Amino acid sequence: MKKLTLLVAFSMLLQLAFAGGLLTNYNQSAQYIRMLSRNAALEIDAVFYNPAGLVKMEDGWYFAFYSQTIFQTRDIDTQFPTLNSGHYEGETTIPVFPDVYAVYKKNNWAFSLGIGPVGGGGTAEFPSGIPTLEVPFSLIPGQLAALGQVDPALAVNSYDLEMALEASSTFWGIQVGASYAPHDKFSFYGGLRIVPSTNKYEGAIRNIQLNGVNAAAWLNGASTQVSTMAANLNALANVPEALAPILPVAGNYTLAQLVGAGQMDPVQQGQIEAGLQLMGLSLEQISAMNLNQINGAYVQAAPAFASTAQTLSGTAQTLTGTASQLGDKEVKTKQKGMGFTPIIGFNISPTDDWTFAVKYEFETKLTLENETDVDDMGLFPDGAESSNDIPAILAGGVGYRGLGWLEAQLSFNMYFDRDVNYGNNIRYSTLGQKVHRDIKGNYTELALGLQFNVADNFAFSVGGLRSKNGVTPQYQSDFSYSNSSHTLGGGIMWNITDKLTFDAGVSNTFYQDDTVKFTHPGIGSYDETYAKTTLSLSAGISYSIF
């Protein structure tokens, strides 16, 4: 049996991107949550969305703090036929998802700092595990079906287990940069984001059961019974050797006569009769046979007895070996690393009404090193390294502010997922197959946000976002899957004073269910459906010193 838990794949559970591509969090301000389109922003959250546009702000200092509370659920429904239940649920709750921004603007320069979780930021919990980890256990009753033919009392009718997985991830982004406007119509930005990253994995598989009792104890008990059967068959195979000394003088005696003459005890008689019954002879036939006839039958049957005994001995060893794999398993490890993301941007404002912006974030090369406390599987060697690169992003935006009562922004993002190696699909890896998690196209987002300025110091906004992934069925598995989606958002902006602004928003993402077909040897093809929901609440304040 393969390493049943395959907990090395925990890293895939950490793809907790909320508003963004496969790995990236693009939800980095309360303004974003309430509009969903900020790539042409000229306010303080432009530190993240349009850093080249920061030079359009008035001279002075700007500070902002935003936080989100995020709720995400994952539902997996599988048609794999041997599982106790085909429904699995996972959830992620993030009470605090913070972003901090600071800007100093002077003349045609702006210097900025931004801190926020550009990847991960939460903990994914799967209280009942996921199908990939349970499937091997669900196959055990079928794999041991032959035991019921050896002895009906050894038939395996059910399995059960307790499994819980928890994976947390935080990829902080600490971004510093400078914006410069050589002309009042256009400006440039150059910056660097430092990405200190930490993944934590904890998981356990406990109380594995067969037929309602501890699986290891049950298998060891079955192994003892099968070993006893093998020993008995070996003894029957050796009957001709045991009878050889008395055949010359007692060959014409029946078993009953031999017992009566004191040449054989009743226990030996019973063992020999049991062997003859295994050959298909009735007690009536056996009682009429003499020792020569009995010996001849055993000589003929001995090879079969010996062969079956050898098979049962191997079965007993397999049962013992399987029992050793079905004890409680636990893993607790941490991965740490640091990456660097160069960022460039360009902003052009041909008039006060229009803004056109482009930003490019280069691919982040990120290597994580294991710091392992417990690893019963031997799957997280302490000090081992793994790659966790973040794809490059091209972001563009158009903003219109020509009407005093309305601001409109159109944003487009492309995440260059095709340039990142996402490794092999874990579902197939459990079968010893290598199927690469292919990407057929880059992840894209198109968003429109509208802000309605209903008073000098108050506005409300709405926004819509369409996300389209480029993954293939070979990419998807219960460990990591991506769904295309639609997101709706709304919220308010309140200028409490000329220097203090409050923003709040809520957004909900509606994901499209995705059904993937898998094939399992001996089982055939089956469907698995992946679903997701995400609700985000955000609020924050910004403060200016002119």
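Modeller: What follows concerns aromatic pairs and charges over rings.
Modeller: This is a predicted model, in which local features need pLDDT of at least 70 and side-chain atom pairs count only at pLDDT 80 or more, while totals for chains, interfaces and linings use all residues. Residues are numbered from 1 along each chain as its sequence is written, and side-chain values use heavy atoms, with hydrogens and water left out.

Biologist: How many aromatic pairs are there?
Modeller: The count is 28. Rings of Phe, Tyr and Trp (its six-membered ring) pair if their centres lie within 6.5 Å; planes under 30 degrees apart are stacked, over 60 edge-to-face, and the rest tilted.

Biologist: Why is the pair Y32 and Y49 stacked?
Modeller: Because the planes of Y32 and Y49 are at 5°, with the ring centres 5.5 Å apart.

Biologist: Are Y32 and Y49 buried or exposed?
Modeller: Y32 is buried at 2% relative accessibility, and Y49 is buried at 1%. Buried means under 20% relative accessible area, exposed over 50%, and partly exposed in between (1.4 Å probe, protein chains only).

Biologist: Which cluster includes Y32 and Y49?
Modeller: One aromatic cluster is formed by Y26, Y32, F48, Y49, Y415 and Y443.

Biologist: Changing topic, what lies over the face of Y475?
Modeller: R437 does, at 3.9 Å from the ring centre. A charge sits over a ring if NZ of Lys or CZ of Arg is within 6 Å of the ring centre and within 35 degrees of the ring normal.

Biologist: And over Y511?
Modeller: K532 lies over the face of Y511, at 5.1 Å from the ring centre.
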